[in-house]
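Biologist: Take me through this model term by term. I want the cut-off behind each label.

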Amino acid sequence: MNPSWDDVRAALAAREPVRVADPAPSRAAVALVLREGARGIEVLFIRRAEHPKDPWSGQMAFPGGRAEPGDADLRATAIRETSEEIGVDLARAAESLGTLDEVHAMARMRPMNLTITPFVFRLRDAFDPILSDEVTSLHWIPLSDLLGTARRSTMDYAHQGVAMQFPCFRVDDLVIWGLTYRMFMSFQERFGRSA
């Protein structure tokens, strides 16, 4: 499937996003950023920097982070964090397309006292990334690759001596799993509903 922008808009309009019934007092937001690329619509992922205090250290993610008191709302959080992490002002350079299902955060197999809301944007303008020290790289992946099954896989994860397998996407040397995988699957599920 190689979706058009109309397909993306229809998918996001297919249903209202699900909200966590009892949201955690700590809230965060991420930006699922799309752009027109050489092979159609592409999705932006970042690789988080390695840091011992970061529960998602080194993982593939969407730009974003925790809400701060000065943020007008969670959409503003996603915009601010994206600007801080990769140097693009989504308020100026992108169109807001919609919101995905809110998720409870998990890290290292433990629920966190945090809920995350993903917001979807269409980037209109090219930009030169300015990566913060929280980000080691950014990657654009064709949406059609992720909506199909060719990139689906599993990954092994050991936690406290127990080996487990988790679903993931594998794109070259990139492995997208965990919270980012769950949030993207919420996006993919919309395409089934809009078809």
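Modeller: Start with Val135. Leaving aside neighbours within four places in sequence, Val135 is in contact with Ile46, Arg47, Ala49, Glu85 and Ile86. Contact means heavy atoms within 4.5 Å.

Biologist: What ground rules apply?

Modeller: This is a predicted model, where local features need pLDDT of at least 70, side-chain atom pairs count only at pLDDT 80 or more, and totals for chains, interfaces and linings use all residues. Residues are numbered from 1 along each chain as its sequence is written, and side-chain values use heavy atoms, with hydrogens and water left out.

Biologist: What is the mean pLDDT of the protein?

Modeller: The mean is 90, and 94% of the residues reach 70 or more. The scale, from 0 to 100, is the predictor's confidence in each residue. Confidence is lowest in strand β9 (residues 152-159), at a mean of 81. Helix α2 (residues 74-86) is highest, at 98.

Biologist: Where is Val135, and why is Val135 called buried?

Modeller: Val135 is in strand β8 (residues 135-142). Helices (H or I, at least four residues) and strands (E, at least two) are DSSP runs, numbered from the N terminus. The relative accessible area of Val135 is 7%, so Val135 is buried. The label means under 20%, with exposed over 50% and partly exposed in between (1.4 Å probe, protein chains only). Val135 and Gly58 are 77 residues apart in sequence, yet 8.7 Å apart in space, C-alpha to C-alpha.

Biologist: What makes Asp156 count as exposed?

Modeller: Asp156 has 60% relative accessibility, so it counts as exposed. Asp156 is in strand β9. Beyond four places in sequence, Asp156 touches Met164 and Gln165. Its C-alpha is 35 Å from that of Arg9, 147 residues apart along the chain.

Biologist: Why is Thr117 called buried?

Modeller: Its relative accessible area is 3%, so Thr117 is buried. Thr117 is in strand β7 (residues 110-123). Among the residues Thr117 touches are Arg19, Arg27, Leu74 and Glu102.

Biologist: Which residues touch the most other members of the largest nonpolar core?

Modeller: Leu34, Phe184 and Phe187, out of 34 residues in that core. Helix α5 (residues 178-194) gives the largest share, 6 residues. A nonpolar core is a set of buried Ala, Val, Leu, Ile, Met, Phe, Trp, Tyr and Cys residues joined through side-chain atoms within 4.5 Å. A second, separate core has 20 residues, including Leu74, Phe121, Leu123 and Val135.

Biologist: Which residues does Leu34 touch?

Modeller: Residues up to four places away are not counted; among the rest are Trp5, Val8, Ile41, Leu97, Trp140 and Phe187.

Biologist: Why is the pair of Phe166 and Trp177 called tilted?

Modeller: The ring centres are 5.6 Å apart and the planes stand at 50 degrees, so the pair is tilted. Rings of Phe, Tyr and Trp (its six-membered ring) pair if their centres lie within 6.5 Å; planes under 30 degrees apart count as stacked, over 60 as edge-to-face, the rest as tilted. Phe166 is in strand β10 (residues 162-171) and Trp177 in strand β11 (residues 174-177), 11 residues apart. Trp177 has 14% relative accessibility, so it counts as buried.

Biologist: What kind of aromatic pair do Phe169 and Phe184 form?

Modeller: Edge-to-face, with 5.5 Å centre to centre and 85 degrees between the planes. Phe169 lies in strand β10 and Phe184 in helix α5, so the pair ties together parts 15 residues apart in sequence. Phe169 and Phe184 are buried. The structure holds 6 aromatic pairs.

Biologist: How do you know that the charged end of Arg122 sits over the ring of Trp5?

Modeller: The charged end of Arg122 is 3.9 Å from the ring centre. The rule asks for NZ of Lys or CZ of Arg within 6 Å of the ring centre and within 35 degrees of the ring normal.

Biologist: What stands out about the phi of Asp172?

Modeller: The phi is positive, about 55 degrees, although Asp172 is not a glycine. Most residues other than glycine have a negative phi. Asp172 lies in the loop between β10 and β11. At 72% relative accessibility, Asp172 counts as exposed.
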